[in-house]
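Have the coordinates open as you read.

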Amino acid sequence: MKIFTRDIFNSGNLPLFVAACLLTIISIVLVYSANHVATDPRLQDDWVKQIVWFLLGIVVFVATLKAPMRFHEAFAYVYYTVACVLLLGLILFGASKFGAQRWYHLGFFSFQPSEVAKVAFIFALARYLSYSRRPISHLRKIITACAMCGFITFLVLRQPDLGSAVIFTVVFSAMMFWAGLPARYLLLFYTPVISMIASSSMWAWIIFFALLIVAATLIVRRSPTFTILLVTLNLLVGALSSIAWNHLHDYQQMRIKIFLDPGQDPLGAGYQIIQSKVAIGSGGLLGKGYMAGSQNKLDYLPLRHTDFIFSVGAEEFGMLGAVVILGLFAFLFLRGIRTAMKARSEFMGLVAIGAVAALAFQMFVNIGMVVGLLPVAGVPLPFVSYGGSSLLVSWMLLGIIANVERNWMEY
């Protein structure tokens with residue numbers, strides 16, 4: 001026990017640790033509220049399991065905090081290889097649920113390898129970017145980094161798990177930008193995706209291209225060749241978007257349709273997001289009170305202890321409770337960015353910013369989907385959603401940030 005407390009209290013990470021503990025305690029409180037009247041008796045004990053995962057999460061946090069960063073540097077590519085093997089193994093040994101093959105059933109525990117793969121990818125990309133002697137904008141370096149991201153993203157997409165796949169690309173972009181990649185390259189990566197979505201409406205596509213040309217003029221400035229390449233690429237992707245649409249799974253197409261208009265199927269695919277918005281809106285400023293939320297208590301809100309747990313909190317504790325949760329996340333992220341900025345080692349700075357990006361984007365996507373600003377993507381809220389894999393990996397990512405904070409002076 002002394003080893004645990006000494007590492008947490010003497011490493012300058014106590015505020016970080018306390019903020020994450022508060023989020024996990026909020027999770028246990030909300031999971032109990034969400035499932036204490038569940039018709040399935042197995043769900044009624046989920047809050048106890050979440051406490052167990054919490055305790056294991058602290059062990060994972062301390063272990064990650066204490067592990068020498070040079071060990072991770074040495075084994076970064078091994079982590080990446082193991083993660084890819086685990087993802088490939090899902091094709092033969094993965095368990096199917098909700099139309100996806102994302103888990104290994106290990107008796108009492110379902111293990112989702114894409115969660116651990118996020119950590120492995122962060123270490124591997126940080127290792128490559130910090131050890132390669134070529135400048136960050138060198139074509140071979142960009143292509144190699146893209147290949148590392150592309151291969152693991154492809155394996156995750158194959159499950160299929162679009163939400164986690166997007167997280168890999170966002171972590172990749174954040175780490176590349178942190179390594180010094182000019183902003184114009186990020187335009188090249190992401191604007192084709194926006195062009196694909198905007199092309200569903202002619203006016204939206206025209207407005208998108210007007211904004212793209214303005215952005216390219218401001219960011220790229222003296223490189224008309226790059227601007228022409230950017231516009232041409234976006235034109236091609238937008239024109240071919242109907243082909244990509246036809247390759248999406250039916251449920252993915254439906255999620256996008258429901259995102260644009262949940263009223264298309266209010267009792268089917270749109271039911272979840274409509275009930276979530278009702279729960280959040282009915283909470284008002286101070287909420288309806290603990291275990292008094294009607295959407296929650298009357299079983300109107302599906303998946304309320306996992307992906308939609310933020311809606312339970314907003315209904316029962318109102319806007320005030322939502323602001324507390326968002327404030328704790330904001331503190332974690334700002335603290336993580338500060339840690340990345342002061343790290344003297346390029347590898348450690350990249351690892352820290354990758355961990356922050358993974359946690360921050362998951363929070364952004366989860367809350368964006370429960371309030372109806374983003375399509376439902378099946379992404380859990382870090383530290384708060386029920387689930388062993390998600391909670392342990394969230395604590396592992398926090399342990400990585402804490403490790404960098406503890407050893408920021410090392411080169």
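## Salt bridges

A salt bridge here is a side-chain nitrogen of Lys or Arg within 4 Å of a carboxyl oxygen of Asp or Glu. With that criterion, Arg 338, Lys 342 and Glu 405 are linked in a network of salt bridges. Within it, the side chains of Arg 338 and Glu 405 meet at 3.8 Å, N to O. This pair ties together distant parts of the chain, with Arg 338 in helix 15 (residues 309-342) and Glu 405 in helix 17 (residues 388-406), 67 residues apart. Helices (H or I, at least four residues) and strands (E, at least two) are DSSP runs, numbered from the N terminus. Arg 338 is partly exposed at 40% relative accessibility, while Glu 405 is buried at 8%. For these labels, buried means under 20% relative accessible area, exposed over 50%, and partly exposed in between, using a 1.4 Å probe and protein chains only.

The whole structure holds 6 salt bridges. Among them is Asp 46 with Lys 49, whose closest N and O atoms are 3.9 Å apart. These two sit 3 residues apart in helix 3 (residues 46-66), so about one helical turn separates them. Asp 46 is buried at 3% relative accessibility, and Lys 49 is partly exposed at 39%. Another bridge joins Glu 73 to Arg 70, with 3.6 Å between the closest N and O atoms. Both residues belong to helix 4 (residues 69-93), again 3 residues and about one turn apart. Here Glu 73 is buried at 8% relative accessibility, and Arg 70 is partly exposed at 48%.

## How the model was read

A word on the ground rules: this is a predicted model, in which local features need pLDDT of at least 70 and side-chain atom pairs count only at pLDDT 80 or more, while totals for chains, interfaces and linings use all residues. Residues are numbered from 1 along each chain as its sequence is written, and side-chain values use heavy atoms, with hydrogens and water left out.

## Overall make-up

The protein contains 17 helices and 3 strands. Of its 411 residues, 51% are buried. Contact means heavy atoms within 4.5 Å. Among contacts between residues at least 6 apart in sequence, 71% join residues at least 24 apart.

## The nonpolar cores

What does the largest nonpolar core contain? A nonpolar core is a set of buried Ala, Val, Leu, Ile, Met, Phe, Trp, Tyr and Cys residues joined through side-chain atoms within 4.5 Å. The largest one has 103 residues, and those with the most contacts inside it are Phe 121, Met 175, Phe 329, Phe 383, Trp 395 and Leu 397. Helix 16 (residues 346-370) gives the most to this core, contributing 17 residues.

Leaving aside neighbours within four places in sequence, Met 175 is in contact with Ile 122, Leu 125, Ala 126, Leu 129, Leu 350, Ile 353 and Gly 354. Phe 383 is found in the loop between helix 16 and helix 17 and is buried, with a relative accessible area of 1%. Its phi is near 70°, a positive value in a residue other than glycine. Most residues other than glycine have a negative phi.

## Helix 17 and its partners

How do helix 3 and helix 17 cross? Their axes come within 7 Å and cross at roughly 30°, so helix 3 is roughly parallel to helix 17. Axes are lines fitted to C-alpha atoms, for helices over the stretch in contact, with angles from 0 to 180 degrees between N-to-C directions. Angles under 35 degrees count as roughly parallel, over 145 as roughly antiparallel, 65 to 115 as roughly perpendicular and the rest as oblique. Residues that meet here include Trp 53, Phe 54 and Phe 61 in helix 3 and Leu 391, Trp 395 and Ile 400 in helix 17.

Helix 16 also packs against helix 17: the axes come within 9 Å and cross at roughly 150°. Among the residues making this contact are Val 351, Ala 355 and Leu 359 of helix 16 and Leu 397, Ile 400 and Val 404 of helix 17.
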